[in-house]
Amino acid sequence: MFTLMALPYANDALAPIITPNTISFHHGKHHKTYVDNLNNLVKGTEFEGQSLEAIVTATAGKADKAPLFNNAAQIWNHDFYWNSLKPNGGGVPAGKVADAINASFGSFDEFKKQMATTTVGQFGSGWGWLVADAAGKLKVVKTGNAEVPMTQGLKPLLTIDVWEHAYYLDYQNKRADYVNAVIDKLLNWDFAAKNLG
Ligand code: MN
């Protein structure tokens with residue numbers, strides 16, 4: 001059985017950038033629904049007992065497995081999103097992440113610009129990502145709906161959810177305000193460092 005990941009902080013810890021109201025719907029309703037759906041979908045199939053990663057990998061790009069992929073990938077994406085944020089996060093990273101950002105983007109400001117532009121520019125529901133490619137170069141990419149960067153050979157370091165349920169209660173149509181606030185105040189650079197390895 002898959003379980004809903006406990007938040008790594010209190011549900012009011014990201015306020016005022018992300019309010020407890022948004023967290024309660026986003027984590028307690030949207031994220032939980034993906035978990036409930038996947039548990040129902042795997043029942044009695046070859047996927048019962050498999051890991052989330054194994055299900056995502058095995059079902060990616062297969063039209064007849066879309067419900068399994070969508071729910072498994074959305075659980076994976078949301079687990080990764082909650083870990084990509086932290087209270088009093090943001091700011092400028094240090095150490096190897098800072099070195100990789102400077103080497104790949106030229107400067108932290110250029111990274112921020114690309115992260116905001118690409119993430120805000122995702123048409124419809126989806127995700128903005130900081131990723132490392134196979135050569136270790138960092139890039140900013142976006143994915144639609146439940147799509148994940150791993151299927152394109154990219155290693156995710158951080159993500160920002162831009163499904164409307166992630167920000168609409170707090171920001172309504174102002175997606176850019178939400179994305180810029182997350183970049184400036186909530187990104188968890190310790191998590192990015194751990195993922196960079
Ligand atoms: Mn979401």
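Residues are numbered from 1 along each chain as its sequence is written. In this predicted model, local features need pLDDT of at least 70 and side-chain atom pairs count only at pLDDT 80 or more, while totals for chains, interfaces and linings use all residues; side-chain values use heavy atoms, with hydrogens and water left out.

Student: How far apart do the C-alpha centres of domain 1 and domain 2 lie?
Tutor: The chain is divided into domain 1 (20-84) and domain 2 (95-196). Such bounds come from an automatic or database domain assignment. Contact means heavy atoms within 4.5 Å. By that rule, 19 residues of domain 1 are in contact with 25 residues of domain 2. The separation of the C-alpha centres is 20 Å.

Student: Which residues is Phe 111 in contact with, leaving aside its neighbours within four places in sequence?
Tutor: Phe 111 is one of the core members that touch the most others. Its contacts beyond close sequence neighbours are Ile 101, Phe 105, Leu 130, Val 140 and Trp 189.

Student: How many of the residues of H3 are buried?
Tutor: Helices (H or I, at least four residues) and strands (E, at least two) are DSSP runs, numbered from the N terminus. Buried means under 20% relative accessible area, exposed over 50%, and partly exposed in between (1.4 Å probe, protein chains only). H3 is mostly covered, and the buried count is 15 of its 19 residues.

Student: Which residues are the protein donors of the manganese ion?
Tutor: Donors are N, O and S atoms within 2.8 Å of the metal (3.2 Å for Na, K and Ca); water is not among the atoms, so sites may look incomplete. The donors here lie 1.9 to 2.1 Å from the ion. They are His 26 (NE2), His 78 (NE2), Asp 161 (OD) and His 165 (NE2).

Student: How many residues apart in sequence are the parts that His 26 and Asp 161 tie together?
Tutor: Both His 26 and Asp 161 are buried. His 26 lies in helix H1 (residues 20-42) and Asp 161 in strand E3 (residues 155-161), so the pair ties together parts separated in sequence by 135 residues.

Student: Is His 78 buried or exposed?
Tutor: His 78 sits in helix H3. A polar contact is a pair of N or O atoms within 3.5 Å; within protein, one must be able to donate a hydrogen and the other to accept it, and residues adjacent in sequence count only if both atoms are side-chain atoms. The side chain of His 78 makes one with the side chain of His 26, at 3.1 Å. With a relative accessible area of 0%, His 78 is buried.

Student: Which side chain does a polar contact of 2.9 Å join to that of Thr 143?
Tutor: Thr 143 lies in strand E2 (residues 138-144). At 4% relative accessibility, Thr 143 counts as buried. Its side-chain partner is Trp 129.

Student: What is the phi of Asn 88?
Tutor: Asn 88 is in the loop between H3 and helix H4 (95-105). At 76% relative accessibility, Asn 88 counts as exposed. Although Asn 88 is not a glycine, its phi is positive, at about 55°.

Notes
A nonpolar core is a set of buried Ala, Val, Leu, Ile, Met, Phe, Trp, Tyr and Cys residues joined through side-chain atoms within 4.5 Å.
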